[in-house]
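Student: I have a sequence and its model open side by side. Could you walk me through what the coordinates tell us?

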Amino acid sequence: MIHLIICGHGQIADGLLSGLKLLAGEVNACHSLNFPEGMSSESLAQSLRNIVADYQDEPILIFTDIMGGTPFRQAALIANERPEVEIISGMNLPLLIEAVMERDEANNVADFAENLVQNTRDSIARYSALLQSRIKNNPVVIDDDGI
């Protein structure tokens, strides 16, 4: 199984994990690590290394909020040392849901990460553009409860 770590600025990691659990149910082998104001990059690095150390040589996929931000940079330092660690930046809830639903079938963490990125690119959309593209064939229904 590919282990998941959600890491980002402020409380975003806990928030995304909470939303993930609400939509996907209980999630095993998934950790959240927040980088709140006042936390040092060294403290974040140590916390991240502690989580990664729990999984020895097992595949790990780290999700970060901003490419180049402190959580991403600390994850990259770990990924440079461990080939079984992969990173995806720009995380969102659809990406995490897809990861949880599909990770049991994955054999390679790098291929899995690439597939996740490709499969969830369209999860970010502008409503009016979506409406215009679908209005002729498939009207968008907005009066239901959603997920």
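Predicted model: local features only at pLDDT ≥ 70, side-chain atom pairs only at ≥ 80, totals over all residues.

Student: Which residue of β3 is the bridge partner of Cys-7?

Tutor: Start from the strand pairing. β1 and β3 pair in the parallel sense, with 5 bridges between them. In β3, the bridge partner of Cys-7 is Thr-64.

Student: And which residue of β4 is the bridge partner of Leu-61?

Tutor: Here we look at another pairing of β3. The strands β3 and β4 run parallel and are joined by 5 bridges. In β4, the partner of Leu-61 is Glu-86.

Student: How many disulfides does a search of the whole structure find?

Tutor: Remember that a disulfide is a covalent bond between the sulfur atoms of two cysteines. For Cys-7, the closest cysteine sulfur belongs to Cys-30 and is 12 Å away, which is too far for a bond. Cys-7 counts as buried because its relative accessibility is 0%, and Cys-30 counts as buried at 12%. Over the whole structure, the number of disulfides found is 0.

Student: Where are the buried residues of α1 placed around the axis, and which elements do they pack against?

Tutor: The buried residues of α1 are Ala-13, Leu-16, Leu-17, Gly-19 and Leu-20. They cover an arc of only 165 degrees around the axis, so they sit on the same side of α1. Their packing partners are β1, β2 and α4.

Student: What span does α1 reach from its first C-alpha to its last?

Tutor: α1 has 13 residues, and at 1.5 Å a residue the expected span is 18 Å. The span in the model is close to that expectation, at 18 Å.

Student: What phi does Gly-25 take?

Tutor: Look just after α1, where Gly-25 is found. Its phi is positive, at about 85 degrees.

Student: Turning to α4, why are its buried residues on the same side of the helix, and which elements do they pack against?

Tutor: In α4 (residues 93-102), the buried residues are Leu-95, Leu-96, Ala-99 and Val-100. They lie on the same side of α4 because they cover an arc of only 130 degrees around the axis. These residues pack against β1, α1, β3, β4 and α5.

Student: Which backbone nitrogen does a side-chain oxygen of Asn-92 reach?

Tutor: This contact is found at the start of α4. The oxygen comes to within 2.9 Å of the backbone nitrogen of Leu-95.

Student: Is Val-27 buried or exposed, and which residues does Val-27 touch?

Tutor: Val-27 lies in the loop between α1 and β2. It counts as buried because its relative accessibility is 7%. The C-alpha atoms of Val-27 and Leu-96 are separated by 11 Å, although these residues are 69 residues apart along the chain. Not counting residues up to four places away in sequence, Val-27 touches Leu-20, Lys-21, Val-100 and Arg-103.

Conventions
Residues numbered from 1 in each chain as written. Heavy atoms only, no water. Helix = DSSP H or I, 4+ residues; strand = E, 2+ residues; numbered from the N terminus. Buried < 20%, exposed > 50% of the residue type's maximum accessible area, 1.4 Å probe, protein only. Contact = heavy atoms within 4.5 Å. Arc of directions from axis to C-beta. Polar contact = N/O pair within 3.5 Å; in protein donor to acceptor, adjacent residues only side chain to side chain. Expected span 1.5 Å × (residues − 1). Disulfide = S-S within 2.5 Å. Pairing = 2+ DSSP bridges.
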